[in-house]
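Look at the sequence and the structure first, then read on.

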Amino acid sequence: MRKVDFMSNIAIVGATGLVGKTMLDIIEQNDISYSSLTLFSSARSAGKEIIVNGKTHVVEELTEEKTSESFDYVLMSAGGDTSLHFSPLFEKSGAVVIDNSSAWRMDESIDLVVPEVNKASLKRKIIANPNCSTIQSVVPLKRLSDIFGVKRVAYTTYQSVSGSGWKGIEDLTGGEQGEAPKTYPKPIHHNVIPHIDDFLDNGYTKEEEKMIKETQKILNDPALAVTATCVRVPVLHAHAVAINVTLDQETNVIELKEVLLNAPSVVVMDDPSREVYPTPLDAAGKGNIFVGRIRKDDSLPNTYHLWSVSDNIQKGAALNAVQILQDLLSRKED
């Protein structure tokens, strides 16, 4: 990421959570400058100490009074209810909020941003971070849409337990010891669960609905035909998404690979003759989106299969939020 020297007052809400801690790591690793850094959490985690750039920060409990402090940017990773309550308060006090929950994503007045695909217009000072599986899908899809046009997308996801935070990880590791699940409706150890978030009346889950609607919004195509099946798998880190995409224009696998080679943040790993294709182990801990198994779908015209793998805590959450922050800081510097 580009180094930015514009100094600002930054707050992280949910700093002790899996995504919040990763945000701090990314800010530190990329030498993002700031005047002050304030860490917030729930009352349960307040008082903990976290070292960032060699300085010890004491985590504070988030209260309404704290939102009136002079923050320029707030990275929010504390759940939808918390965001719905506190984000407008931070916004009212002049801060730009980058929210990682699903609370604001489909609000028409709120930008839903993946920096490689679109930019925040700041119609409001709340910016939504998309669903993790959506992020790793729309980056390659945007490139295909720009070159060939996209008519239809069908997703099948294979989502790691870290997508549920520490609780999901505990269900997997506890299941290895024979413990009953506490977070998932069924055991995840030695199992896959075709059920992420609540079921809707139409038989889809909220997670599937998120991918459908978020793809349409980010690609600025509300009429785009999108469907999804979302599955939890017994993997610690990194999600995989099988993408079946129908294009407007004819092409071939060679041209499609060349186009994806030039897509930002995308790493093409595709050589079946040498068993080269991405897996969650390839993506874990990294910020790229790895794409392979690129092939034509002979059952439909102008249709292709892609296999996308990315770390859901990195590019799928924390990194995407920090990249949005960095883009905003760059605008200030310019």
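A residue is called buried when its relative accessible area is under 20%, exposed when the value is over 50%, and partly exposed in between. Lys-142 has a relative accessibility of 26%, so Lys-142 counts as partly exposed. The model discussed here is predicted.

**Salt bridges**

The structure holds 13 salt bridges. Lys-142 takes part in one with Asp-146, and the closest N and O atoms of that pair are 3.1 Å apart. Both residues lie in helix 3, which covers residues 132–148, and they are 4 residues apart, about one turn of the helix. Asp-146 is also partly exposed, with a relative accessible area of 49%.

Glu-209 is partly exposed at 29% relative accessible area, and Lys-213 is partly exposed at 38%. Elsewhere, salt bridges with shared partners join Glu-60, Lys-66 and Glu-69 into one network.

Which parts does the pair of Lys-210 and Asp-197 tie together? Lys-210 lies in helix 5, whereas Asp-197 lies in the loop between helix 4 and helix 5, so the pair links parts that are 13 residues apart in sequence. Asp-197 counts as partly exposed because its relative accessibility is 31%.

| Salt bridge | N to O distance |
|---|---|
| Asp-146 and Lys-142 | 3.1 Å |
| Lys-210 and Asp-197 | 3.2 Å |
| Glu-209 and Lys-213 | 3.3 Å |

**A buried charge and the loops**

Asp-311 lies in the loop between strand 15 (303–310) and helix 8. Asp-311 is buried but has no salt bridge, and the nearest side chain of opposite charge, Lys-286, is 9.6 Å away. A polar atom of the Asp-311 side chain does lie 2.9 Å from the backbone nitrogen of Ile-313.

Most residues other than glycine have a negative phi. His-190, which is not a glycine, has a positive phi of about 60°. His-190 is in the loop between helix 4 and helix 5, and with 73% relative accessibility His-190 counts as exposed. Asn-302 is not a glycine either, and has a positive phi of about 55°. Asn-302 sits in the loop between strand 14 (289–296) and strand 15 and counts as partly exposed at 21% relative accessibility.

Gly-203 is in the loop between helix 4 and helix 5 and is partly exposed, at 48% relative accessible area. Gly-203 and Ala-180 are 23 residues apart in sequence, and their C-alpha atoms are 26 Å apart in space.

The largest pocket has a volume of about 1,600 Å³. It is lined by 49 residues, and those closest to its centre are Ala-78, Gly-79, Gly-163, Ser-164 and Gly-165. Which helix gives the largest share of this lining? Helix 1 does, with 4 residues. By class, the lining has 14 nonpolar, 25 polar and 10 charged residues.

The second largest pocket has a volume of about 330 Å³. Of its 16 lining residues, the closest to the centre are Glu-108, Ile-110, Lys-123, Lys-217 and Asn-220. Helix 5 supplies the largest share of this lining, 3 residues. The lining of the second largest pocket has 5 nonpolar, 3 polar and 8 charged residues.

How values were computed: Residues numbered from 1 in each chain as written. Predicted model: local features only at pLDDT ≥ 70, side-chain atom pairs only at ≥ 80, totals over all residues. Heavy atoms only, no water. 1 Å grid on protein atoms, 1.4 Å probe; cavity = no way out; pocket = protein on both sides within 12 Å on 5 of 7 lines; lining within 4 Å. Points joined across faces, edges and corners; volume = space filled by probe spheres on them. Helix = DSSP H or I, 4+ residues; strand = E, 2+ residues; numbered from the N terminus. Nonpolar A, V, L, I, M, F, W, Y, C, P; charged D, E, K, R; others polar. Buried < 20%, exposed > 50% of the residue type's maximum accessible area, 1.4 Å probe, protein only. Lys, Arg positive; Asp, Glu negative; His and termini not counted. Salt bridge = Lys/Arg side-chain N within 4 Å of Asp/Glu carboxyl O. Polar contact = N/O pair within 3.5 Å; in protein donor to acceptor, adjacent residues only side chain to side chain.
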